[in-house]
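Please read it alongside the sequence and coordinates shown here.

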Amino acid sequence: MGIAVISVLPALLAVMVSAVRRALPKAPQTWALAALVGGIFVWMLSFLPAVSAAGALEISIPWVPAIGLTLAFYVDGLALLFALVIVGIGTTIVIYTGYYFDDIAELDQFYIRLLAFMSAMLVVVLAGNLLTLFIGWELTSVISFLLIGFNRDSDAARRGALQALIVTGAGGLALLVGLVLLGTAAGTMEISQLLASGELHNHPWYTAFTILILVGCFTKSAQWPFHFWLPGAMNAPTPASAYLHSATMVKAGIYLLLRLAPVLSGTLLWQNALIGIGLITMLLGAVLALRQTDLRRRWLTRPSASLVCWSPSSVCRKVMGGRRRWWAFWRTASTKPLCL
């Protein structure tokens, strides 16, 4: 049950933000929230021995059995690693946010959205059911719209937020169809059972659900030809940009590729799509960076897109499991936040 509680704890903290503000001045409030989020990080670390020993922890709560929807949570090494990145970097962003905003009312509103987004991302990486994962996936799109468009007086921020919502929302619809087809082909929506079912290369729907899932991942991670929404998203407040593009939203696509690689990888479609799109994004990002004069956009266009595109290339083959797969993720996770 602790796994399920962890995924909603940041959202509960978001509800408490106003009460904390009335009880504490601005600086103590910042450090108190950071300490609470850091406490979630430490709590998740406590799952490491159990995950190492059992391989995975799972909890399932029936929700809508008629359509195979359960509140299922599945924590293995991959999920735990991403969750630690989300909450660990989130702790530093909470501190940075407290010193970024001068207006207390704006600070409270931003904290509420930031913590809600953190909770949605935890639902994505800790979900044990394909439909539960999709719910978290779409929540990240909606809440990122609120974060990117936080400055309501900025036309550029509103345009960037709407563009990001449309692109990632459309990709989410493709992903939904792909996940439903995948679950139907495998005979289950539970991720643990899906991974145990083995490869589905010979299924007649393989090409359809693989392409749809790839489209969903590429739109979320701003890969070509869906890369154009990412520069506009940099009109968000700097803490939002730092969090969305280093540890969370664009990493969601990478996580899903890694999660489904044991089932979908090992074919020419998988390899060619990831390597081809990844290399095009990397080269295009390098060229576009030469045209930028704004520092944030320059750093975003090349390192953000290029380093994220390296990750799809790194999971293009099934042999990237085990130590090589973890090294691929750690290399991306450790370099991309520094570039931003």
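**Helix packing and ion pairs in a predicted model**

Helix H6 (residues 130-148) packs with helix H7 (residues 155-186) at an angle of about 175°, and their axes lie 8 Å apart. An angle over 145 degrees counts as roughly antiparallel, and H6 and H7 are therefore roughly antiparallel to each other. The residues in the contact of H6 with H7 fall, by class, into 17 nonpolar, six polar and one charged. All of this comes from a predicted model, and the values below should be read in the same way.

**Helix H7 and its end**
- H7 is built of 32 residues and spans 46 Å from its first C-alpha to its last, which is close to the 46 Å expected at 1.5 Å a residue.

**Salt bridges**
- How many salt bridges does the rule give? The count comes to two.
- One of them joins the side chains of arginine 259 and aspartate 76, with an N to O distance of 2.8 Å; this pair links distant parts of the chain, since arginine 259 belongs to helix H12 (residues 249-264) and aspartate 76 to strand E2 (residues 69-76), 183 residues apart.
- Arginine 259 and aspartate 76 are both buried.
- Aspartate 155 forms a salt bridge with arginine 158, where the closest N and O atoms are 2.2 Å apart, and both residues lie in helix H7, three residues apart, or about one turn of the helix.
- Aspartate 155 has a relative accessible area of 44% and is therefore partly exposed, while arginine 158, at 40% relative accessibility, also counts as partly exposed.

- Is serine 119 buried or exposed? Serine 119 has 6% relative accessibility, so it counts as buried.
- Serine 119 is found in helix H5 (residues 104-126), and, when its neighbours within four places in sequence are left aside, serine 119 is in contact with Ser7, Val8, Pro10 and Ala11.
- Leucine 81 sits in helix H4 (residues 77-100) and, because its relative accessible area is 9%, leucine 81 is buried.
- Leucine 81 and leucine 45 are separated by 36 residues in sequence, while the C-alpha to C-alpha distance between leucine 81 and leucine 45 is 9.6 Å.

Key:
Residues are numbered from 1 along each chain as its sequence is written. This is a predicted model: local features need pLDDT of at least 70, side-chain atom pairs count only at pLDDT 80 or more; totals for chains, interfaces and linings use all residues. Side-chain values use heavy atoms; hydrogens and water are left out. Axes are lines fitted to C-alpha atoms, for helices over the stretch in contact, and angles run from 0 to 180 degrees between N-to-C directions. Helices (H or I, at least four residues) and strands (E, at least two) are DSSP runs, numbered from the N terminus. Angles under 35 degrees count as roughly parallel, over 145 as roughly antiparallel, 65 to 115 as roughly perpendicular and the rest as oblique. Ala, Val, Leu, Ile, Met, Phe, Trp, Tyr, Cys and Pro count as nonpolar, Asp, Glu, Lys and Arg as charged, and the others, Gly among them, as polar. The expected span of a helix is 1.5 Å times one less than its number of residues. Buried means under 20% relative accessible area, exposed over 50%, partly exposed in between (1.4 Å probe, protein chains only). Contact means heavy atoms within 4.5 Å. A salt bridge is a side-chain nitrogen of Lys or Arg within 4 Å of a carboxyl oxygen of Asp or Glu.
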